[in-house]
Amino acid sequence: AEGKWDPAICKELGIPMECLPTIKSNAEVYGTVKGFGKLDGICIAGSLGDQHAALLGQGCIETGSSKNTYGTGCFMLLNTGEKAVPSASGLLTTIGFKL
């Protein structure tokens, strides 16, 4: 994965690429809080959601490590390292995190 939006997919879905956010790592400063009094100036840093956060939080930072979580669904994620490995069985391939 290159960390870039796919122009062909955006074109197919009619999504103007200029309206999409810049893709960044999960561990950097994105900006600071503004307009919230005592919170002004605090860095906004780090961003992970749900299953991706669980992958990192459960220590799956080595290639080949995996985790299962059970809640509103059952999710198994496998860290394939620096390269996304497309599934031959119809499973979803996605980027887990970038530090």
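**A close look at one helix**

A: Asp-50 is exposed, because its relative accessible area is 60%. The model is predicted: local features need pLDDT of at least 70, side-chain atom pairs count only at pLDDT 80 or more, and totals for chains, interfaces and linings use all residues. Residues are numbered from 1 along each chain as its sequence is written, and side-chain values use heavy atoms, with hydrogens and water left out.

Asp-50 belongs to helix α2. Helices (H or I, at least four residues) and strands (E, at least two) are DSSP runs, numbered from the N terminus. The backbone of Asp-50 stands out: its phi is positive, about 35°, and yet the residue is not a glycine. Most residues other than glycine have a negative phi. Another positive phi, near 80°, belongs to Gly-59, which follows α2.

Now the covered side. Helix α2 spans residues 50-57, and Gln-51, Ala-54 and Leu-55 are buried in it. Viewed down the axis of α2, these buried residues fall within an arc of 105°, so they line one face of the helix. The arc is that of the directions from the helix axis to the C-beta atoms. Contact means heavy atoms within 4.5 Å.

The segment after β4 also reaches this region. Gly-96 lies in that segment. It touches Leu-48, His-52 and Leu-55, leaving aside residues up to four places away in sequence. Gly-96 and Gly-49 are 47 residues apart along the chain, and their C-alpha atoms are separated by 9.8 Å.

Next, the approach to the helix. Ser-47 sits in the loop between β2 (43-45) and α2. Its relative accessible area is 42%, so Ser-47 is partly exposed. Ser-47 touches Asn-26 and Tyr-30, again not counting residues up to four places away in sequence. Glu-62 is 15 residues from Ser-47 in sequence, and the two are 20 Å apart in space, C-alpha to C-alpha.

Next, charge pairing. A salt bridge is a side-chain nitrogen of Lys or Arg within 4 Å of a carboxyl oxygen of Asp or Glu. By this rule the count is 1. The side chains of Lys-24 and Glu-28 form it, at 3.9 Å, N to O. Lys-24 is partly exposed, at 42% relative accessibility. Glu-28 is partly exposed too, with a relative accessible area of 29%.

Then the cysteines. A disulfide is a pair of cysteine sulfur atoms within 2.5 Å. The search of the whole structure finds 0 disulfides. For Cys-10, the closest cysteine sulfur is in Cys-19, 7.7 Å away, so it is too far for a bond. Cys-10 counts as buried, at 6% relative accessibility. Cys-74 is in no disulfide either; the nearest cysteine sulfur, that of Cys-60, is 14 Å away. Cys-74 is exposed, with a relative accessible area of 56%.

Definitions and conventions. Buried means under 20% relative accessible area, exposed over 50%, partly exposed in between (1.4 Å probe, protein chains only).
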